[in-house]
Number of protein chains: 2
Amino acid sequence: MIKVSVMYPAGADSRFDMDYYLGTHIPLVRRTLGAALKGVAVEQGLGGGEPGSPPTYAAVGHLLFDSVEAFQEAFAPHAGTITGDVPNYTNVEPTLQISEVKL
Amino acid sequence: MIKVSVMYPAGADSRFDMDYYLGTHIPLVRRTLGAALKGVAVEQGLGGGEPGSPPTYAAVGHLLFDSVEAFQEAFAPHAGTITGDVPNYTNVEPTLQISEVKL
């Protein structure tokens, strides 16, 4: 199983609309990726390691797929639709990481 | 539910022993944090968003707790034991983020 983590950096000028993300963007992702998408998790950053410090990421979305190939095949035909919706909920460029789920 | 994500940056000189992490460090974390720890997930970075690009993090460990307070209370008495084991599997300083689980 692989996990695609889409991490939205926090910052003084950054904006992230969690309601839109949960209510519109994630449903769009589910609808377009279909059965290839094996799971979704969403987190909102609260803080860093030191008490009172800011989080590195304002929000993170995790998408699970059977393999990197399954992700690429499902995502490619809908890349424009999905990435075109991003400015509707944030003004920051997300950092994307693909990981192997070990546990 | 909150998630504590411990993210180990990838880099040319960075070292991360996944076998030790899964076989020794995570069991130590489970043993010391006890029932306050509601779940554990571990990922190994494969790549970034662009094909062939490196991952931001070599590895990420996620720990679930009922609340920030539950995490702090469980972690504080064992902080030295847990952080003291880190040099046994990596030479990088992890970035820590506390997040609220939204989905």
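**Close-up views of a two-chain predicted model**

View 1. Within the area that chain B buries against chain A, Gln97(B), Lys102(B) and Leu103(B) supply 24%, more than any other three residues. The contact draws 32 residues from chain B and 32 residues from chain A.

**View 2. The relation between the two copies.** Chain B is superposed on chain A by a rotation of 180° with 0.0 Å of shift along its axis, and the RMSD is 0.0 Å. The two copies are therefore related as by a two-fold rotation axis. The same surface serves both copies, in that 100% of the contact residues of chain B recur in chain A.

View 3. Eight strands, written in order as β1(A)-β3(A)-β2(A)-β4(B)-β1(B)-β3(B)-β2(B)-β4(A), form a closed barrel with antiparallel pairing. From one strand to the next, the twist averages 30°.

**View 4. Strand β2 of chain B and its partners.** Strand β2 of chain B, residues 39–48, is largely enclosed by the rest of the structure, because 7 of its 10 residues are buried. Strand β4 of chain A, residues 95–101, runs antiparallel to β2(B) and is joined to it by 5 bridges, with Glu100(A) standing opposite Gln44(B). Within chain B, β2(B) is joined to β3(B) by 6 bridges, again in the antiparallel sense, and Val40(B) has Leu63(B) of β3(B) as its bridge partner.

**View 5. Helices lying across the strands.** Helix α1 of chain A, residues 18–33, lies across β1 (2–9), β2 and β3 (57–65) of chain A, and runs at about 150° to β2(A). Helix α2 of chain B, residues 68–75, lies across strands of both chains, namely β2 of chain A together with β1 (2–9), β3 (57–65) and β4 of chain B, and runs at about 60° to β1(B).

View 6. Strand β1(A) has 7 of its 8 residues buried, so the strand is largely enclosed by the rest of the structure. It is joined to β3(A) by 8 bridges in the antiparallel sense, and it also pairs antiparallel with β4(A), over 6 bridges. Ile2(A) counts as buried, at 6% relative accessibility. When residues up to four places away in sequence are not counted, Ile2(A) touches residues of chain A including Leu63(A), Leu64(A), Val68(A), Phe71(A), Ile98(A) and Val101(A), and it also touches Leu46(B). Ile2(A) and Ala79(A), 77 residues apart in sequence, are 18 Å apart in space, C-alpha to C-alpha.

**View 7. His62(A) in strand β3 of chain A.** His62(A) lies in strand β3 of chain A and counts as buried, with 5% relative accessibility. The side chain of His62(A) is joined to that of Ser5(A) by a polar contact of 2.8 Å. Not counting residues up to four places away in sequence, His62(A) touches residues of both chains, among them Lys3(A), Val4(A), Val40(A) and Glu43(A) as well as Lys3(B) and His62(B).

**View 8. Leu28(A) in helix α1 of chain A.** Leu28(A), placed in helix α1 of chain A, is buried, with a relative accessible area of 11%. Apart from its neighbours within four places in sequence, Leu28(A) is in contact with Thr81(A), Ile82(A) and Asp85(A). The C-alpha atoms of Leu28(A) and Ala59(A), which are 31 residues apart along the chain, are separated by 17 Å.

Conventions
Residues numbered from 1 in each chain as written. Chains lettered and ligands numbered in written order. Predicted model: local features only at pLDDT ≥ 70, side-chain atom pairs only at ≥ 80, totals over all residues. Heavy atoms only, no water. Pairing = 2+ DSSP bridges. Helix = DSSP H or I, 4+ residues; strand = E, 2+ residues; numbered from the N terminus. Axes fitted to C-alpha atoms, helices over the stretch in contact; angles between N-to-C directions. Contact = heavy atoms within 4.5 Å. Buried < 20%, exposed > 50% of the residue type's maximum accessible area, 1.4 Å probe, protein only. Polar contact = N/O pair within 3.5 Å; in protein donor to acceptor, adjacent residues only side chain to side chain. Least-squares fit on C-alpha atoms with pLDDT ≥ 70 in both. Buried area = accessible area lost by both parts, 1.4 Å probe.
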